[in-house]
Structures are given as structure tokens and as C-alpha cells.
Amino acid sequence: MNDFATQKLNIDNLIIQALREDITSEDITTNAIIREPKRAKVNLICKEDGILSGLDVYKRVFELIDESAVLTTSFKDGDEVKNGDLIAVLEADVRAVLSGERVALNYLQRMSGVATHTNKIVKMLEGSKTVLLDTRKTTPNNRIFEKYSVKVGGGSNHRYNLSDGILIKDNHIDAAGSITNAVKLAKEYAPFVRKIEVEVENLDMLREALEAGADIIMLDNMSVETMKEAVAIIDGRAQTECSGNVTKEKVKDLIDIGVDFISCGALTHSSPVLDYSMKNLTIV
């Protein structure tokens, strides 16, 4: 997240939009009680055990309001944090601290929550060949933060957006008339370097996707028994992905199926936040 190009081209505009959402004209409370510049320090404290993600984003919120803001920390994204840990000390104009606090914490809490949830499932998959993937079920305008946090938590990213990969789903198949035709059209249109993934819901669709030459087959909302049969039928002729209402509670039943990937929308749409607070503000 501290890569210059990523920050300037993607991150800054999104953070500014979030700040504008929270400050439409002014921070009336802060402006009422703070009439002149004052330097302040404040502690960032963790209130739950988890995985830290979003520290650079947290810092950037304050830098965009006050370019002289300084964050002092010995932590980095991906670190395990504990309830009560002093994560960082922020020094900036007190008005920047007060005005940016909620937006900065929203990013940090959300991103750390995604990383923590992801890490718990990744640990469940240790020792298997299966890789945990996210999906496009992300919060609008927050995909870059959420998918980054999946990686921080030890997971991997599925395609970033619709321009990033070919995934033929049920409605694409209906529109094309068949899996065979949909794959044929995709191969004609896309560069040869692009892999083609097809979502299937039963074994007949699976066999058609294999015959059509799909590179990856997504086993969507199948029972564990059917998925095991599907993996046996595929027999290494395509990569396999398990998808559909995957939760942390269900993962333990999926480990022994032998799929290459498990995609889990809950990583980004249902992760609880990890709680932090900014405390002990002092004027310096």
C-alpha cells in the first residue's frame, strides 16, 4: 500500500472521497473548539486480537489533511496484534487528528477484519493443496483495500474485476445457448494467454465444460459428495474451484475434496471489523 504509484493513482482519490463524505463543508465541532494550529499526539490502540492490515492507509488519511503528519510504529501489515497493544503514535495538527479519526479507523478496522477472517480460514487449510481465494463481492469503491487485506491475511486474489479474467457463469451460458458455444466464443475473442473458467452446477455441465476445453472449472453449490465425484472425473485435466456459500464453518468439510481453490465471498462481505481506538490525545 505504500507503493507510490498505487497510492497516487488509486488510493488517494478513494480516501479523499471518504473524507468528503464525512466532511461536506467543515468539521463544525473541531472548528468550534480549536481556533488555531496546535500540534498533538495520540495513541492508536488495538482492542482485539487479530491480524493488522491498513496501517499505511490509516497514515495516509492524516497526511492528506496535514502533510506534516508523522506516524511512529514498530508494527507492519500482516503482524499479529493483541488486545491492548500500542500500535502507533500519530503526531499531527490536532484538527487533522480530530477530523480524520473516524475515516482512518474505518479503513483500519475494516481491513484488519478482512485480514483476520482470511487468516483463520488459511490456517484451517494448512497441510492441504487448496488455495483460498476471494471474490468480487466487495464493498463498492473499497475493493482495492479489501482484496489487499485478503493477501495480508494469507489468502489469494481471484480476478480483480471483469477486465481481469474470463469466468463464464450461468447467465453467460444461457445467453450463449450452451457451455460449448460460450467457451468457443471466448476462445475466439480472448488472447490465447487468457485462461477460461466455467461455472458448473452438475456433472453433466462439468463433462460439457471439459469437452469444450475449459482451463478451470468452478464447482458451484454442489454437495461434498458430488464435488468429490467431479474432481475424480476431471482427473487433472482442468484446475478446480469450489464455490457457493463457503463459510469458515463449512471449510472443514471441504478440505479433503482435493480442489485446487476454494473461493469465499464471506472474506470481503461478512468479515467483522477488528476494533481499534485512538486514545490519550495530548497537545505538544
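The legends below describe close-up views of a predicted model.

Local features require pLDDT of at least 70 and side-chain atom pairs pLDDT 80 or more, whereas totals for chains, interfaces and linings use all residues. Residues are numbered from 1 along each chain as its sequence is written, and side-chain values use heavy atoms, without hydrogens and water.

**View 1. Strand E1 and its partners E5 and E12.** Strand E1 covers residues 39–46, and six of its eight residues are buried (under 20% relative accessible area, 1.4 Å probe, protein chains only; exposed is over 50%, partly exposed in between). Helices (H or I, at least four residues) and strands (E, at least two) are DSSP runs, numbered from the N terminus. Strands pair if DSSP finds at least two bridges between them. E1 pairs with E5 (residues 86–93) in the antiparallel sense over seven bridges, and Ala40 has Ala92 as its bridge partner there.

**View 2. A nonpolar surface patch of Leu98, Leu281 and Ile283.** Together these residues have about 230 Å² of accessible area (Shrake-Rupley method, 1.4 Å probe; for residues, only the protein chains shown count as cover). Patch residues have over 30% relative accessible area and no salt bridge, with nonpolar side chains (Val, Leu, Ile, Met, Phe, Trp, Tyr) joined within 5 Å and like charges within 9 Å. A salt bridge is a side-chain nitrogen of Lys or Arg within 4 Å of a carboxyl oxygen of Asp or Glu. Leu98 belongs to helix H4 (residues 94–124) and is partly exposed, at 31% relative accessibility.

View 3. Thr268 is buried, with a relative accessible area of 0%. Beyond its neighbours within four places in sequence, Thr268 is in contact (heavy atoms within 4.5 Å) with residues including Arg110, Thr135, Glu146 and Val150.
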